[in-house]
Amino acid sequence: MTIGLRDVVMFCRPRRTFGALYATLVAIRERWRAYERIEARGAALLSRWLSSEQRSDLERYKRFDVVGSDSGKRYRICYGTSTNVYEMDDQGQIVMGWCFRPVGRLVAGDVMLTQKIALETNERATLMVARPFPSSMPPRSDLLAGR
């Protein structure tokens, strides 16, 4: 049995295709691992800035509350990077949603820390740049569960 040039070429194509696919999958896995490391660093930094009660709420409900520096209003910051800040009333009901975030591609922990610091140090200026959104459609109810 003899093998011709055409047979060799047909045999090599699947190997080249598989090699390219494998390299792509390895690259995707490495990117995901890098993202997980960045996400973990952001979460660790946020955790260090939270009070024990806020940390407990974040672990349990994926959100925590802060008090505005100017008005004393309570805001709930839910896990996420946008449309994740809610103004709360005295009964724990959502009054309004606020959308604001730092510029750039940041992980959730970094965004949430920025939102916390902004509301606790300069609430008035923060709300001047924030965009309100209706509270009629709150996020998943488990994120807003009571204490």
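1. Read from one end of the sequence to the other, the protein follows the pattern α-α-β-β-β-β-α-α-β. The model is a predicted one. It holds four helices and five strands. Of its 147 residues, 31% count as buried.

2. Five strands form an open sheet, in the order E1-E2-E3-E4-E5, with antiparallel pairing. Strand E1 (63–67) and strand E5 (131–133) stand at the edges with a single partner strand each, so one side of each is left without a neighbour in the sheet. From one strand to the next, the twist averages 30°.

3. The pairing of E4 with E5 can be followed at residue level. Strand E4 covers residues 94–99, and three bridges join it to E5, the two running antiparallel. Cys99 has Arg131, in E5, as its bridge partner.

4. Helix H2 spans residues 52–61, and its buried residues are Gln54, Asp57, Leu58 and Tyr61. Seen down the axis of H2, these buried residues fall within an arc of 105°, so they line one face of the helix. The face of H2 turned away from the buried side carries Ser52, Glu59 and Arg60, which are exposed.

5. Two residues call for a check of the backbone. Most residues other than glycine have a negative phi. Lys62, which follows H2, has a positive phi of about 65° although it is not a glycine. Lys62 is found in the loop between H2 and E1, and its relative accessibility of 43% makes it partly exposed. Thr83, also not a glycine, has a positive phi of about 45°. Thr83 lies in the loop between strand E2 (74–78) and strand E3 (85–88), and with 40% relative accessibility it counts as partly exposed.

6. On the surface, Leu21, Leu25 and Ile28 form a nonpolar patch, with about 300 Å² of accessible area together. Leu25 has its place in helix H1, which comprises residues 5–49.

7. The count of salt bridges comes to seven. In general terms, side chains of opposite charge can pair when their charged atoms come close. One of the salt bridges joins the side chains of Glu30 and Arg29, at 3.4 Å from N to O. Glu30 is partly exposed, with a relative accessible area of 35%, and Arg29 is partly exposed at 41% relative accessibility. A network of salt bridges links Arg29, Glu30 and Arg33.

8. Asp65 forms a salt bridge with Arg74, and their closest N and O atoms are 2.6 Å apart. Asp65 counts as buried at 7% relative accessibility, whereas Arg74 is partly exposed, with a relative accessible area of 23%. The cut-off for buried is under 20% relative accessible area.

9. The side chains of Glu87 and Lys73 also meet in a salt bridge, at 3.4 Å from N to O. Glu87 lies in strand E3 and Lys73 in the loop between E1 and E2, so the pair ties together parts that are 14 residues apart in sequence. Glu87 is buried, with a relative accessible area of 10%, while Lys73 is partly exposed, with a relative accessible area of 39%.

Methods. Residues numbered from 1 in each chain as written. Predicted model: local features only at pLDDT ≥ 70, side-chain atom pairs only at ≥ 80, totals over all residues. Heavy atoms only, no water. Buried < 20%, exposed > 50% of the residue type's maximum accessible area, 1.4 Å probe, protein only. Arc of directions from axis to C-beta. Patch = residues over 30% accessible without salt bridge, like charges linked within 9 Å, V, L, I, M, F, W, Y side chains within 5 Å. Areas by Shrake-Rupley, 256 points an atom, 1.4 Å probe, with all protein chains shown as cover. Salt bridge = Lys/Arg side-chain N within 4 Å of Asp/Glu carboxyl O. Pairing = 2+ DSSP bridges. Axes fitted to C-alpha atoms, helices over the stretch in contact; angles between N-to-C directions.
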